[in-house]
Amino acid sequence: MTHNLIIIGSGPAAWTAAIYASRALLSPIVLGGEQGGGQLMFTSDVENYPGFEHGIQGPDLMAAMRKQAERFGARVIERDAISLSVIGSQFSVVCSGSVGFQSVGSKPINRQLTNDKPKTENGKQITGRAVIIATGARANTLKLPGEDRLMGRGVGACAVCDAPFYKGKNVVFVIGGGDSAVEEATALAKFAKKVILLVRSDSLRASEIMKNRIKSYANIQIWYKSQVKEFIGEKKLEKVRIERTGTVEDIAADGLFYAIGHTPSTGWLNGSGVEIDEKGYILTLFSQTIGLQTSDIRLSEQFGPKSEVRSPRSEFPTMTSVPGIFAAGDCVDPCYRQAITAAGFGAMAALDAERWLNAKNG
Ligand code: NDP
């Protein structure tokens, strides 16, 4: 059976795409991954997602989005995508393990909106007429002793999201020396008494404008040649073991944030024809036109030579270099990386996919 639309991923971009696509009666299949839920599964309080006056737990937000998509007929397969290929005018996605539709206890109640009922399909391959890739990105971490225990309990990877929780706290560390690290440090410095940037080398990699920005915060210190060795604390982070210019010390800490880059989950796209930049972010017309990607790579085959990247008003801005394959969320976006921006991208990709399918079907 060939599905209208396969959505790959299970973060805010994927679920939002699934909500839009299912309400457009496309009966999308969501290939949600074996672990599912994306970065928000490791996030406790989310206070910046609109609509939740008192905040919401990350996993609860993901579960609610999934149920909303299922209510309109989206069906979920809890398998990872392993590869994607074009076969004639269709797309084939190879999944991990055997494929079976799952439900989280909520049957699609608007049955009249779906043409067919949930069912089981065996095999490792699903085919679709269009695909939305929303596989996200993972914050790089150092996998240090204590990290698994304290992740989300003082150790984190998005200070811009969590900074207000550190209001009045004494010391918060940020690891990294790039633009993200400076951005995280300045976000925290508005709330914490002291923010210490831990840089492994003897210089910041951040751009000049970001380096200048840091100078206007008297409560930000930079420790060069510093490396974290361990996180200490049982239920929450209490101390950080730091090696600094040859000396190892345990230093009291209220929080620590990684800002050592992100890795988009796009390695599985090798050989698919979907163009990615040198850091692994998927290239779409929209992301390039608004300058999300810093790369010089331009979508060449689909959209013409380098100098001819079209305006965002082009017909299908979230389309990748392969017609019919769209991309949304953090796998496209090295810049904003917020749940709400990913959700917005997901809506755009679903609308583009719907219009593309309509145009294709005449
Ligand atoms: P970057 O790759 O630019 O920087 C990563 C930083 O992490 C570097 O300082 C690097 O150190 C450090 N690092 C890497 N591995 C380790 C490690 N094992 N231990 C300690 N430190 C480590 O990533 P960013 O996320 O900062 O930025 C990504 C892109 O997004 C960039 O193009 C950036 O310009 C852009 N961006 C722009 C922003 C803005 O303009 N407002 C905000 C955020 C990002 P070293 O230098 O020694 O390699």
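## Surface, cores and ligand site

The protein exposes about 17,100 Å², of which carbon and sulfur atoms supply 49%. The model is a predicted one. Its secondary structure amounts to eight helices and 20 strands, and 49% of the 362 residues are buried. Among the contacts with a separation of 6 or more, 66% are between residues 24 or more positions apart.

The largest nonpolar core has 39 residues, and the members that touch the most other members are Leu5, Ile7, Trp15, Ile132 and Phe326. At least two residues of this core come from each of β1 (2–8), α1 (12–23), α2 (58–71), β9 (125–133) and α8 (339–360). The helix α8 gives the most, with nine residues. Leaving aside residues up to four places away in sequence, Ile132 touches Leu5, Ile6, Ile7, Ile8, Ala17, Phe326, Ala349, Ala350 and Ala353.

The ligand is surrounded by 15 residues, the closest being Gly177, Asp179, Ser180, Arg200 and Arg205.

| Residue | Protein atom | Distance to a ligand oxygen atom |
|---|---|---|
| Gly178 | polar backbone atom | 3.3 Å |
| Asp179 | polar side-chain atom | 2.6 Å |
| Arg205 | polar side-chain atom | 2.5 Å |

Taken alone, the ligand exposes 920 Å², and the protein buries 74% of that area.

Note on methods
Residues numbered from 1 in each chain as written. Predicted model: local features only at pLDDT ≥ 70, side-chain atom pairs only at ≥ 80, totals over all residues. Heavy atoms only, no water. Core = buried A, V, L, I, M, F, W, Y, C linked by side-chain atoms within 4.5 Å. Buried < 20%, exposed > 50% of the residue type's maximum accessible area, 1.4 Å probe, protein only. Helix = DSSP H or I, 4+ residues; strand = E, 2+ residues; numbered from the N terminus. Contact = heavy atoms within 4.5 Å. Areas by Shrake-Rupley, 256 points an atom, 1.4 Å probe, with all protein chains shown as cover. Near = heavy atom within 4 Å. Polar contact = N/O pair within 3.5 Å; in protein donor to acceptor, adjacent residues only side chain to side chain.
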